[in-house]
Amino acid sequence: MPLSLYNTLTRKKEEFQPLHPPQVGVYLCGPTVYSEAHLGNARGPVVFDVLTRYLRHLQYQVRYVRNITDVGHLESDADTGEDKMEKAARAARIEPMQVAQHFTNRYRQHMLGLGCLPPDIEPQASGHVIEQIQVIEEIINNGLAYEVNGSVYFDVPKYNEEGKRYGKLSNRSIEDQLAGTRANLEGQSEKRSPLDFALWKKASPEHIMRWPSPWGEGFPGWHLECSAMSRKYLGELSDIHGGGLDLMFPHHECEIAQSQGSHAHTDEARFWVHNNMITVNGTKMSKSLGNFVLLGDLFTGPTGPLAFGYSPMVVRFFLLQAHYRSPVDVSDDALQAARKGYRKLMNGLRLLDKLAGDDSLAVSGTAADQTAEAAQLLALAAKPAEFLDDDLNTPRALAALFDLLKRFNTLAANPAALEAVGPAALAQATATYRVLVQDVLGLRDEPRANVEQLLELTLGFYAEAKADKAYDKVDQIRGALKTQGIVIKDTKTGVEWAYSEE
Ligand SMILES: [Zn+2]
């Protein structure tokens, strides 16, 4: 069964076929780097990391672009308020670009910790102002944007008059959109219609991040960067454009309008794929509501509604335990259940190591692979990918991996059944488990124990052995630690350790 994905644009699940196989272009709207990332910010990157990993597993050549927004994202979606970067910089009395660099570094660190492979291209909005100006000029030439007092706005009513439909992605009527903007009318007098949105904003004298343009000094509107950078790196029409549901309107709606209104005349992407939100007690986690859990705090804990800390891999498992289009509520209970599941999967990897090292499996011939037992095992091993093909259903894929693991456990306890499966089928099924867990779902083994505590424990055994005059054991422990670069020192006050200086 080929991969199918739910396309927000058509509101149905569609078979995924790349425009130019085997190449696949994926664009994910990245973070606005003005503050620490919270758990809600991690869901999209984890989901799209699994999607790109899976596409690669299916032998596609993926170009994965995840941008960094470092300019133009104002406090309000209605093109008003201060630039988020500048506000943070002013508060800390540093350069906006210092703020951007600091939080970009932190973001990359957290994403790597969560097992997200770095994107192939990570463009920054501030590095693509020329490309953005070019798109604005194209839209103006097509008669769909106008300049007022050094700012440029997209003319939504004119766009709609031309037979296009602003609102087609989010399925919002003009009335709904107007209701959403009415509260924000203040400071919008330059716009011909409250539906219009900024492509370029004139910089006020105190505004730091500013660039020269045909309309004077200013800065690009937030939505523009993604249209310009997606086109630059993935062409006028990419395969998949992703982001959180909260970006669907107005951000992605504006992106489609910009691309349709420019020289590209496309929907920018064929598949628009949106992940759902993280909630706390049923309410969306967000900076503005103050109910967020910062990633750095989550890994160490306790923080906010959580009484404990959870490792990055447990958090990744937690995020994959829900289908990406469903909301996920975060709680200690849910994270503890995720930790149990994650550990079970990792124990599965250890069981496979044991099975692989089992000499009784070195049975000769492949005849045994034709058995019913072999067929049964291979059928179980085929299931997880079937669920991933069905709109990236990671929870069902995980459940199918647990079914497969259950079978491995049964086989490990039953040599006759194991022999009936045969080495070829076993090798195939174990390879599938490994590849799906590690390479596709990106769940890797984390350091298992606290080294300091283990060392403490070992020194305790050493002291006991010495008191018992069990000198063989004493030498054994000394020797074992020495291979780890540690020497034991007997002092008057007890046993100490030091790094071997040899
Ligand atoms: Zn974007």
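This is a dialogue on reading the fold of a predicted model.

User: Let's start with the whole chain. How many helices and strands are there, and into which domains is the chain assigned?

Analyst: The protein chain has 17 helices and 15 strands. Its domain assignment gives domain 1 (4-275), domain 2 (307-440) and domain 3 (451-499). The centres of domain 1 and domain 3, taken over C-alpha atoms, are separated by 59 Å. Along the principal axes, the C-alpha atoms fill a box of roughly 90 × 65 × 40 Å.

User: What share of the residues is buried, and what do the contacts in the chain join?

Analyst: Of the 502 residues in the protein chain, 41% are buried. Take the contacts between residues at least 6 apart in sequence: 71% of them join residues at least 24 apart.

User: Now a sheet. What is the strand order in the open sheet of 4 strands, and which strands stand at the edges?

Analyst: A general point to begin with: side chains in a regular strand alternate between the two faces of the sheet. Here the order is β4-β3-β9-β10, and the pairing is parallel. The edges belong to β4 (61-66) and β10 (269-275); each has a single partner strand, so one side of each has no neighbour in the sheet. From one strand to the next, the twist averages 20 degrees.

User: How many bridges join β3 and β4, and which residue in β4 stands opposite Tyr27?

Analyst: β3 (residues 23-28) pairs with β4 over 6 bridges, in the parallel sense. Opposite Tyr27 you'll find Val65 in β4.

User: Which strands does helix α1 touch as it packs on the sheet, and which does α7 touch?

Analyst: Helix α1 (residues 39-57) touches β3, β4, β9 (238-244) and β10, and its direction makes about 175 degrees with that of β3. Helix α7 (residues 222-234) also packs on the sheet, touching β3, β4 and β9, with a direction about 155 degrees from that of β4.

User: How do I read burial along a helix? Which residues of α2 are buried, and what do they pack against?

Analyst: The general idea is that an α-helix has 3.6 residues a turn, so residues three or four places apart point the same way. In α2 (residues 84-92), the buried residues are Lys84, Met85, Glu86, Ala88 and Ala89. The buried residues of α2 pack against α3 (96-113).

User: On to β7. How many of its residues are buried, and which strands does it pair with?

Analyst: In β7 (residues 197-202), 6 of its 6 residues are buried. Strand β6 (residues 151-154) runs antiparallel to β7 and is joined to it by 3 bridges, with Phe154 opposite Phe197. β7 also pairs with β8 (residues 218-220), again antiparallel and over 3 bridges; there, Trp200 stands opposite Pro220.

User: Last one, the largest nonpolar core. Which residues touch the most other members, and which element gives the most to the core?

Analyst: Leu199 and Leu401 touch the most other members of this core of 122 residues. The element giving the most is α1, with 9 residues. At least three residues come from each of domain 1 (4-275) and domain 2 (307-440). To follow Leu199 in the view, leave aside its neighbours within four places in sequence: its contacts are then Ile136, Ile139, Ala145, Val152, Tyr153, Phe154, Gly221 and Leu224.

Note on methods: Residues numbered from 1 in each chain as written. Predicted model: local features only at pLDDT ≥ 70, side-chain atom pairs only at ≥ 80, totals over all residues. Domains from an automatic or database assignment. Pairing = 2+ DSSP bridges. Helix = DSSP H or I, 4+ residues; strand = E, 2+ residues; numbered from the N terminus. Axes fitted to C-alpha atoms, helices over the stretch in contact; angles between N-to-C directions. Contact = placed C-beta atoms within 7 Å. Buried ≥ 20, exposed ≤ 12 C-beta atoms within 10 Å, placed from the backbone. Core = buried A, V, L, I, M, F, W, Y, C linked by C-beta atoms within 7 Å.
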